[in-house]
Every structure is written in structure tokens, then in C-alpha cells.
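Welcome, and thank you for stopping by. Please take a moment to turn the model around before reading on, and keep it at hand as we walk through it together.

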Amino acid sequence: MEQELGLCFQRRFLAARQLRAFPWPELEQRLRSAPGSSLLADILHQTILHPLCVKYPPSIKYRRCFLTELIKKHESTTAEPLDELYNTLADILNEKESTRCYKNYLLPTGESVTLSESEAIISQGTTGLVTWDAALHLAEWAMENSTVFSNRTVLELGSGIGFTGLAICKTCNPKAYIFSDCHHCVLKQLVENIRLNGFAVQPETIEPKSEGQEAEGKNYQQPKLVVAELDWGSVTEKQLLDLQPDVVIAADVVYDPEITASLIGMLQKLSTFRADGKPPEVYIAFTIRNPDTYHLFQAELDKVGIRWQIIPVHSNSIFLYDTQSNVTILQLFI
């Protein structure tokens, strides 16, 4: 039971979920019934002292707040003080603030996706420097339907900092994966995260220097990876001819009515410029924040004759995201 609780804390901490998402009441109950230090020591080593966290840590503020809460729970019991808790807090307080913070998402294969993310939802004029719930949702569905991606060329529109694509590349064996976005700072961070996860990026893409995880010993084959700067409204014929995807995916790109027309136009062009005349499969995941925007997207699809269907809810629950989020996936027939 202690191990299960430790793993529950681990998954939430590595992904830097909000502190209220942790099972604090269960921890308090366990500590009252068995006021020893072994459970807290286990949680400490599953979280702040976990090897992934030591190498790619969440922000100092996040770790400090988490550890303060853990110490508070410990002090509410009659257990002997656990020096390791206080020593770890002292180490964190002595660290210098960094502009980087990391999130680590554990995969069913035993691998992980590590991302350098922005702490702010809006940063450098974009929302693309954080991972949104629809990206987690789409990755879970992809893992449950890996044959859709296996040995195929996948194009992701609006890749952001790369979570969905990296998860697919590590679990679904695509032949090639094309990440794309239009914001320069997002593309720069995206390339860094790809390299951080041990993948080689094609030389024609932006390649800032970054120390990444070793690719040796991984249980997946390295697909061909490309990072493309892609503006849906001004995409060129040459770009379209170079892409040639078998599958097109996107997550949380339907949030602004103003970009709906350019997204649909991009999908139509992708179908037109297929060398073999066979249109790609298209899957769009999004969080329904404004039902009007969602219905407008469907209406615009109907207007241009693009059929669509809602993909049934998948059974996987691998990543931790807001279960209250109304996330859905549409398959489009372009």
C-alpha cells in the first residue's frame, strides 16, 4: 500500500501537477495509523529525489511548496523528525532561480517524455510554451491506437513544445514524424525538447545546442524527425509537396474562430497535394471551452463538405490532467 501511494505521488510530482491534485488526506490517514518515517522517506525519493527530478527538476517554487506541505503532514504526527526532509528543503532554498523548469511524463513502456516548459500560460506572446490537456488526451488515444501511426508519416499541426509527438515517437513507431508550428520561439523550444529526449533532428531545421538524454538502450526505433515552420494561411505549394503525410493530427488548435478557416483550408490543401491521390487520415483533439467555437468549427466543416465523426472515449488513463476538461477527438474525412 505504501508503494502504491508513493507511485501516486510520483506521477503527479514528475508532471508538476497542482498541489491540490495530490492525495494529501490519504497520506495523513496513513501517517496517523502508522506514524513512522518510512512512508515519507519513500515519497521523498519517489518525488524530489527521483533521478528524473534531480536531472530535470520542476521549478524551485514548486519543489519548495511541495516539500513544505510534506513536512507539515509529517509534523502533525508523533513520528520522529526525518532529517532528510529538512536537509532537502535546505538544499532547495540554496539553489539559484532558473528560467527553466521541467515536467516528466512517464510512459507505459517505462520510458518518459521530458519537457522544458514555461511556467506562465502566456509567455513571449504565445500559449504554445506549455502542454495543454488535449495534447495529453490525444497521446493516450494514440497509444491505444498505435496501428494508426505505425510505419506511417505523421504531420502534427500546432505541435507546441512537442509532448504529443514525442509520446507517439516513443510508443507508436511512426516511419517519419513532422512537427510543425508558426511561432519562432515555440519552434526553438520544440527542437530543444526533441533533442532532450534523445532524438536526432533533421539538419535543415533549427538546432539550438542542448544537452539531451542518451538515445541508447531505448525500446523504440528512431523515426525520421522534421521540424517545419508552417503558417496555415501562407503555406507554399513546395511545402505541401514536401510534406506528404499519411496521418495528420492536432491538439488544442480550435480555440479561436478567426483561425478556423485557415485550418480547414490547410487540410484541404494537404488532400489536394497528395502524390498518390489518397487523402491523409485526420484527427483533431480539443478542449471544448466555448461550445460556440466548437459548433462553428463543425459548421464550417459541413459547409466545405468535410465529413467528421466523434472518436469514442478511450479507456487509457495514463497521464494526469483535469478530468473535468471536456476534451474530444474528431476524425475528419478530407
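Let us begin with the chain as a whole. Residues 24 or more positions apart account for 71% of those contacts in the protein chain that have a separation of 6 or more, where contact means heavy atoms within 4.5 Å. The model is a predicted one, in which local features need pLDDT of at least 70 and side-chain atom pairs count only at pLDDT 80 or more, while totals for chains, interfaces and linings use all residues. Residues are numbered from 1 along each chain as its sequence is written, and side-chain values use heavy atoms, with hydrogens and water left out.

The secondary structure comes to 12 helices and 9 strands; helices (H or I, at least four residues) and strands (E, at least two) are DSSP runs, numbered from the N terminus. Of the 334 residues in the protein chain, 53% count as buried. Here buried means under 20% relative accessible area, exposed means over 50%, and partly exposed lies in between (1.4 Å probe, protein chains only).

Now for the interior. In soluble globular proteins, nonpolar side chains tend to be buried together. A nonpolar core is a set of buried Ala, Val, Leu, Ile, Met, Phe, Trp, Tyr and Cys residues joined through side-chain atoms within 4.5 Å. The largest such core in this model has 43 residues, and F149, F163, I194, I249 and F319 have the most contacts inside it. Helix α7 (residues 133-144) gives the most to this core, contributing 8 residues. If we set aside its neighbours within four places in sequence, F163 is in contact with Y105, V113, L115, T131, A135, L136, A139 and F319. There is also a second, separate core of 30 residues, which includes F22, I43, L44 and L85.

F163 also belongs to helix α8 (residues 163-171), which is largely enclosed by the rest of the structure because 8 of its 9 residues are buried. The buried residues of α8 are F163, T164, G165, L166, A167, I168, C169 and K170. Just after α8, N173 takes a positive phi of about 50 degrees.

Which residues does S112 touch, leaving aside its neighbours within four places in sequence? Its contacts are L52, Y105, L106, L107, K170 and N197. S112 and N197 are 85 residues apart along the chain, yet their C-alpha atoms are separated by 8.4 Å. S112 is buried, with a relative accessible area of 8%.

Next, let us look at how helices meet. Two packed helices are described by the angle between their axes and the distance between the axes. Axes are lines fitted to C-alpha atoms, for helices over the stretch in contact, and angles run from 0 to 180 degrees between N-to-C directions. Helix α5 (residues 60-75) and helix α6 (residues 83-93) pack at an angle of about 160 degrees, with their axes 10 Å apart. That makes α5 roughly antiparallel to α6 (angles under 35 degrees count as roughly parallel, over 145 as roughly antiparallel, 65 to 115 as roughly perpendicular and the rest as oblique). Their contact brings together residues including I60, L67 and I71 in α5 with L85, L89 and I92, among others, in α6. The residues of this contact divide into 9 nonpolar, 3 polar and 3 charged; Ala, Val, Leu, Ile, Met, Phe, Trp, Tyr, Cys and Pro count as nonpolar, Asp, Glu, Lys and Arg as charged, and the others, Gly among them, as polar.

Helix α5 has another partner in helix α2 (residues 24-33), packed at an angle of about 35 degrees with the axes 10 Å apart. W24, L27, E28 and L31 in α2 meet F66, E69, L70, K73 and H74 in α5.

Further along, helix α11 (residues 257-272) packs with helix α12 (residues 291-303) at an angle of about 30 degrees, their axes being 10 Å apart. These two helices are therefore roughly parallel to each other. P257, T260, L263 and I264 in α11 meet T293, L296, F297, E300 and L301 in α12.

Finally, visit two loops. N151, in the loop between α7 and β3 (153-157), has a positive phi of about 60 degrees although it is not a glycine. D252, in the loop between β6 (247-251) and α11, also has a positive phi, near 55 degrees. Is each of these residues buried or exposed? N151 is exposed, with a relative accessible area of 55%, whereas D252 is buried, at 10%.
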